[in-house]
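Visitor: I would like to learn how to read a protein structure. Could we go through one together?

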Amino acid sequence: MIGRLNHVAIAVPDLKAATDQYRDTLGAKVGAPQDEPDHGVTVVFIELPNTKIELLHPLGENSPIQTFLEKNPAGGIHHICYEVDDILVARDRLADSGARVLGTGEPKIGAHGKPVIFLHPKDFTGTLVELEQA
Ligand code: CO
């Protein structure tokens with residue numbers, strides 16, 4: 001059911017330091033910071049030949065990234081995103097298998113303008129999983 005790895009999202013306490021490191025030390029192609037107020041994050045997209053990395057930093061109050069950084073002050077992998085052909089088919093299949101979809105269970109429009117859902121990390125080996133309709 002799942003297809004390509006769309007991105008790996010990494011929460012970072014210092015967005016500039018992390019961006020500089022990816023650009024200057026790792027030699028990656030990094031974009032400009034983008035505020036995503038609906039998601040409570042500022043994102044820097046990093047294009048790799050076969051996937052993307054997203055550096056996430058808290059934006060505004062009650063950012064979901066803030067809580068994560070309190071538990072992981074140095075930063076860390078926040079979630080991974082797999083592509084699916086049909087988000088509703090994927091959701092229903094997962095719900096039937098007993099996996100928990102976060103929030104209302106209805107897809108939201110994600111950072112790339114496409115419908116996404118998130119799956120409970122306790123149901124997926126401790127990893128927050130995002131599914132995005134490709
Ligand atoms: Co994501």
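Guide: We will take strands, a metal site, the cores and one loop in turn. Note that this is a predicted model.

Visitor: Let us begin with strands. In which sense do β1 and β6 pair?

Guide: For a pair of strands, look at the direction and at the bridges. Strand β1, residues 5-11, runs antiparallel to strand β6, residues 76-84, with 6 bridges between them. One place to look is Ala9, which faces His79 of β6.

Visitor: And how many bridges join β6 and β9?

Guide: There are 5 bridges, and this pairing is parallel; β9 covers residues 129-133. Here Glu83 has Glu132 in β9 as its bridge partner.

Visitor: Which protein atoms are donors of the cobalt ion?

Guide: The cobalt ion has NE2 of His7, NE2 of His79 and OE of Glu130 as its protein donors, at 2.0 to 2.1 Å. Their spacing in sequence is H-x71-H-x50-E. His7 belongs to strand β1 and His79 to strand β6, so this pair ties together parts that are 72 residues apart in sequence.

Visitor: Are His7 and His79 buried or exposed?

Guide: Both His7 and His79 are buried.

Visitor: Now the cores. What is the general idea?

Guide: In soluble globular proteins, nonpolar side chains tend to be buried together. In this model, the largest nonpolar core contains 12 residues, including Val8, Leu15, Tyr22, Val44 and Ile80.

Visitor: Which elements give two or more residues to this core?

Guide: They are β1, α1 (15-25), β4 (41-47) and β5 (52-58). The most comes from α1, which gives 3 residues.

Visitor: What is Tyr22 in contact with, leaving aside its neighbours within four places in sequence?

Guide: With those neighbours set aside, Tyr22 is in contact with Ile10, Gly27, Ala28, Val30, Ile46, Ile53 and Leu55. There is also a second, separate core of 10 residues, and among them are Val84, Ile87, Leu94 and Val129.

Visitor: Last, a loop. Where does His120 lie?

Guide: For a loop residue, name the elements on either side and then check its contacts. His120 is in the loop that runs between β8 (115-119) and β9. A polar atom of the His120 side chain is 3.0 Å from the backbone nitrogen of Lys122. Apart from neighbours within four places in sequence, His120 is in contact with Arg100 and Leu102.

Conventions:
Residues numbered from 1 in each chain as written. Predicted model: local features only at pLDDT ≥ 70, side-chain atom pairs only at ≥ 80, totals over all residues. Heavy atoms only, no water. Pairing = 2+ DSSP bridges. Helix = DSSP H or I, 4+ residues; strand = E, 2+ residues; numbered from the N terminus. Donors = N, O, S within 2.8 Å, 3.2 Å for Na, K, Ca; no water. Buried < 20%, exposed > 50% of the residue type's maximum accessible area, 1.4 Å probe, protein only. Core = buried A, V, L, I, M, F, W, Y, C linked by side-chain atoms within 4.5 Å. Contact = heavy atoms within 4.5 Å. Polar contact = N/O pair within 3.5 Å; in protein donor to acceptor, adjacent residues only side chain to side chain.
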